[in-house]
Amino acid sequence: MTDKLHLQPATKAAQALGRHEPTTGAVTPPLQPATTFARGADYGLPDGRSYARPSNPTFEPPEALLTALEGGATALLFGSGMAAATTVFQALVPGDHVVAPRVMYWGLRDWLLGFARDWGLSVDLVDMTDLGALAAAMRLGRTRLVWIETPANPTWCVTDIAGAAAIAHGAGARLAVDSTVATPVLTRPIEHGADLVMHSATKYLNGHSDVLAGALVTARADALWERIQAVRAQGGAVPGSFEAWLLLRGLRTLFLRVRESAASAQAIAEHFSGHPKLKGVLYPGLPGDPGHVVARRQMTGGFGGMLSIRVAGQGSGAAAAALAVAGRVRVWTRATSLGGVESLIEHRASIEGADSPAPPDLLRLSVGIEDSRDLIADLDQALDAL
Ligand code: PLP
């Protein structure tokens, strides 16, 4: 039932919570570029804020919308997805133990194995598709945080959010979910027991490959959240006002874009599944995919716009074949990143380096909002030429 109090999430996004600018009635919120705010003669601050690093009014509309879409208590914007993620770990203290996935966004994995360990965090990486492995990695009284990413870069393996939350909470730890790929359109991790949701807002939330930003949404404004707020305010890991404003503009079309990308990704995965020039298609929307059953339980409305193909070939020939396919496409753009309106193709092993879990034959596909028939025909011709 749709009424004024229970609007559907897509309506909340399209209307940016329906807020109009009070003095003019403008239907888009204003961009406030000021970094400092004047005090009155009584030395008071009219709006309670003094400086844009701890508090920027342009952040509030996108933060409020993300809070509503994720069903959280409150949210914070950051200067990038990495700034959001690393702030969570920096809010812990040296000696704390964290468990993270073996298969995850490589930039954060590198940071955890390098900076976070040097800084004194004890970091274990486990196969998060195996809840037994997660349970075995927990250290009672020492594990503070379990970090998961689902579906996870670049194999799109799926982690059971409710199962991971139960294990984390049972050991007195929190569960944080990198939900960049699922977006609140397809998964709301807090409903499955997560304590924190993280997004690289650079991807689907903004959606136009022109803003670098990140976001955290919390289920509770508790002591950990206060530390996260302090790390952001003191360290200054914030976006600029213009980025925050553009992010809200992108968020208003989030549902249209994500639904279209997910429908096209499903069509592409089905078309190329069993293709003679491929070893496999990795996509949780395929019924035979190892993550499909869990994905059906925690994703609604589609399985996301990201998939990978594994090009047939042996040894170094596999990498060469994958690179040849990437070299021949004309509609897909050869570029890193994901979640934009334009479709991207990337050979992840070339990017992630020697210790990457990405097989050398893997091409990562970020499906945009073009007509899926063009995307399929282009990949078909690139594979046929092999
Ligand atoms: N998480 C995921 C799943 C990502 O794909 C990325 C970037 O590719 C990040 C986090 C980091 O985000 P950013 O590039 O905005 O720092």
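Which residues do ring pairs link into a cluster? They are Phe89, Trp111, Phe115 and Trp147.

1. Basis. This is a predicted model, where local features need pLDDT of at least 70, side-chain atom pairs count only at pLDDT 80 or more, and totals for chains, interfaces and linings use all residues. Residues are numbered from 1 along each chain as its sequence is written, and side-chain values use heavy atoms, with hydrogens and water left out.

2. Aromatic pairs. A pair of aromatic rings is described by the distance of the centres and the angle of the planes. Here rings of Phe, Tyr and Trp (its six-membered ring) pair if their centres lie within 6.5 Å; planes under 30 degrees apart are stacked, over 60 edge-to-face, and the rest tilted. The count by this rule is 4 aromatic pairs. One of them is Phe89 with Trp111, a tilted pair at 6.1 Å centre to centre and 50 degrees between the planes. The pair links distant parts of the chain, 22 residues apart: Phe89 is in helix α3 (residues 81-90) and Trp111 in helix α4 (residues 106-118). Helices (H or I, at least four residues) and strands (E, at least two) are DSSP runs, numbered from the N terminus. Phe89 and Trp111 are both buried. Buried means under 20% relative accessible area, exposed over 50%, and partly exposed in between (1.4 Å probe, protein chains only).

3. The second pair described here. Phe242 and Trp245 are stacked, with 6.3 Å centre to centre and 10 degrees between the planes. About one helical turn separates Phe242 and Trp245, because they are 3 residues apart in helix α9 (residues 241-251). An α-helix has 3.6 residues a turn, so residues three or four places apart point the same way. Phe242 is partly exposed at 46% relative accessible area. Trp245 is partly exposed too, at 24%.

4. The buried residues of α9. These are Ser241, Ala244, Leu246, Leu247, Leu248, Gly250 and Leu251. Their cover includes α1, α2, β1 (74-78) and α10 (254-272). Contact means heavy atoms within 4.5 Å.

5. Phe115. This cluster member lies in helix α4. Its relative accessibility is 41%, so Phe115 counts as partly exposed. Leaving aside residues up to four places away in sequence, Phe115 touches Gln90 and Asp110.

6. A charge over a ring. The charged end of Arg232 sits over the ring of Phe78, 5.9 Å from its centre. The rule asks for NZ of Lys or CZ of Arg within 6 Å of the ring centre and within 35 degrees of the ring normal.

7. Helix α12. Which side-by-side numbers describe its span? Helix α12 (residues 316-328) has 13 residues and reaches 19 Å from its first C-alpha to its last, close to the 18 Å expected at 1.5 Å a residue. The expected span is 1.5 Å times one less than the number of residues. The buried residues of α12 are Ala318, Ala319, Ala321, Ala322, Val325 and Ala326. They cover an arc of only 160 degrees around the axis, so they lie on the same side of α12. The arc is that of the directions from the helix axis to the C-beta atoms. Cover for these residues includes β8 (278-282), β9 (306-311), β10 (333-334), β11 (344-347), β12 (362-366) and α14 (372-384).

8. Backbone points to check. Most residues other than glycine have a negative phi, and most peptide bonds are trans. A cis peptide bond joins Thr150 and Pro151, with omega about -15 degrees. Another cis peptide bond joins Asn153 and Pro154, with omega about -10 degrees. Pro151 lies in the loop between β4 (143-149) and α6 (161-170), and Pro154 is in the loop between β4 and α6.

9. Positive phi. Tyr43 is not a glycine, yet its phi is about 70 degrees. Tyr43 is in the loop between α1 (9-14) and α2 (60-70) and counts as exposed at 60% relative accessibility. Thr183, also not a glycine, has a positive phi of about 60 degrees. Thr183 is in helix α7 (residues 183-186) and is buried, with a relative accessible area of 0%.

10. Glu352. This residue is in helix α13 (residues 348-352). At 5% relative accessibility, Glu352 counts as buried. A polar contact of 2.8 Å joins the side chains of Glu352 and Ser356. A polar contact is a pair of N or O atoms within 3.5 Å; within protein, one must be able to donate a hydrogen and the other to accept it, and residues adjacent in sequence count only if both atoms are side-chain atoms. Not counting residues up to four places away in sequence, Glu352 touches Trp106, Arg109, Pro154, Pro357 and Ala358.
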